[in-house]
Amino acid sequence: MQYLERAKPQHLICGLWAANAILGMALSLVPPAESEVALKLVKTSLCGLGLSFAVTALTERALVLPRRQSLTVLVLTIIASGTLIWIADTLFQTLTIPGGWTLSAFTTRRYNWVYFNLLFGLQVIVIALIFSTRALALRQKQLVEAQLAALRFQVNPHFLFNTLNAISTLVSERDGDAAEEMIAKLAEFLSVTLAENLTSLVPLRKELETIQAYLEIETVRFGDRLKVRYACDKSASDVLVPSLILQPLVENAVKFAVAPSKGGAVVTITATVVEKELIITVQDTATLAIDTVRKYVGAGVGLRNVGQRLEAQYGQPGLLETRKNERGFLATVRIPCGQILRRSET
Amino acid sequence: MTRVLLVDDEPLALRRLVAIVAEMPNVEVVGTASDGESAVVEARRLKPDILVLDIEMPVLNGIEVASILSTECRPQVVVVSAFARYATDAFAIEATDYVLKPLRPDRLRQAIERAERRIAEVAALTTAAPKSLGTLPSLHIPDVRGGHDVAMGNIKWIEAARDYVIVHTAAQSHLIRSTMAEMADQLPAAIPRVHRSAFVNLDHVERWVRSDKGVYRLVLTDGEAVQVGPSYLSELRTALRDSKSRLPPSRNPQKLSKDKQ
């Protein structure tokens, strides 16, 4: 596997055609031996080498196309190149023979056509394998990078220190129960954000519990200025989603709708399943109109990160949409429902 | 009586401020506010001596409030904040002191006391006019007007505050965006590092104490106590012994001996 990642296609191409030439030369030693045959084989191999570079380029291009088109292009490439080199090879063999360049020359060598197609077919397969493996490795690397970037946004120092401040107030006021409650919620939230394996998928139900713990802490901090509403379909709760994918969206709602507004805001989270797609929305509605232009310092980064994680995980761009509406700000996440947690796996 | 106005948008944080300040002798809480706009209104109405406020607040943030009031009633400003992730290099605010969240009551008390000293300084017109420090070693503090210099000898101690450091002098504290390591490069031997988050000017140390949990603290003139980190202890002992020999003969050398608390 590792060799495939690091192999240089050019070396393989040269190797393939060198092998072809050597094979031909070896065969030419079998009686009746003719040195001219060997020469023609070398000519053919050189042509093959030249064609191979075109084939490699075409294969690389074809791999990014959607499956059907990609397959069509690859097959056409194989047949075209196989045929071209077959013609060249036949010509090399028959040109020197007077009157040799006839249709029958080609028909007697029809098995060579099969052979050359197989040869190019082999090349295309190997090249396709190499490029696919590389693309996969790259995607995995991007996924890890996106998740590491996500880490930075999940443990928000501002949130943490202000929460600890709130807890210390409760302790100083001898409200042990409330303090314990807040500590427990903080521990619950941190156990997810500081988890070893952040690349995991979790059922939506668990993700919402984590978000709820976070919002309950913020509710204590902001008092009446934060109100939260949830509306989630039962069918949605078992769908697997990337861990903490909603965290930046909810944090933005608090930072940009709740904190700067004297009257606070209502944050509404909904989840429904529509045609095999899980749709989650986070809407914030400030109770007082915020006249100042909503400063998106930092919001852009958090949102971009969510978009990147979704793209890396599901291979499609545009799964996160955000827009301002008349009520405030709406963020929508769409997740393909391919993976659903089965009852027995809970 | 020193009159104080307390401002924080989080109800729990505000309650904490009130609880700590109300217990201080000679200090009176004259009012509270939960957002920047009300803070300005209340400050104009009550004309407090000291304004304690958070930075992140609705409508107007702490920096905006302080800058509005600095041209009017000019209270002493104490900033209380988590100091996390602010992009500014120079805080557009000339606060007397900065206190980190989560709040430690003794830090807030020291901040109020520092503000009281500053009020007394201003009242007695003993505030030093900005003069050239000449060849005295000094630390440059950037601010919105380009920056000013503080003589190293006047620095009492320096405290870490997330992406910033707080430089404490007797009657004022300054916020600089810097790491502790960067700070260390600029400080003389008389101001060594005593903790992951603190440098102390040995010339301002009165004595050091040891709690029964084995925690060492340096007590400065004016009573501020700075904890010493375990890895800095032995170097500090040597440094204190050396500075003892630099004392003028009239000082009582016993003052630098170890007191058991």
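Trainee: Which strands of chain A does helix α9 lie across, and at about what angle does the helix run to β2(A)?
Mentor: This is a predicted model, in which local features need pLDDT of at least 70, side-chain atom pairs count only at pLDDT 80 or more, and totals for chains, interfaces and linings use all residues. Residues are numbered from 1 along each chain as written, chains are lettered from A and ligands numbered from 1 in the order written, and side-chain values use heavy atoms, without hydrogens and water. Helix α9 (residues 204-222) of chain A lies across β2, β4 (265-274) and β5, running at about 165° to β2(A), where angles run from 0 to 180 degrees between N-to-C directions of axes fitted to C-alpha atoms, for helices over the stretch in contact, that is, with heavy atoms within 4.5 Å. Helices (H or I, at least four residues) and strands (E, at least two) are DSSP runs, numbered from the N terminus.

Trainee: In what order do the strands of the open sheet come?
Mentor: Strands of a sheet pair through backbone hydrogen bonds, either parallel or antiparallel; pairing here requires at least two DSSP bridges. The order of the 5 strands in chain A is β2-β4-β5-β7-β6, with mixed pairing, and the edge strands β2 (226-232) and β6 (320-325) each pair on one side only.

Trainee: How many bridges join β5 to β7 of chain A?
Mentor: There are 8, and these two strands run antiparallel; A:D284, for instance, has A:F329 in β7(A) as its bridge partner.

Trainee: How many salt bridges does the rule find across the interface of chain B and chain A?
Mentor: A salt bridge is a side-chain nitrogen of Lys or Arg within 4 Å of a carboxyl oxygen of Asp or Glu, and the rule finds 4 across this interface. One salt bridge links A:R221 with B:E10, with the closest N and O atoms 2.5 Å apart.
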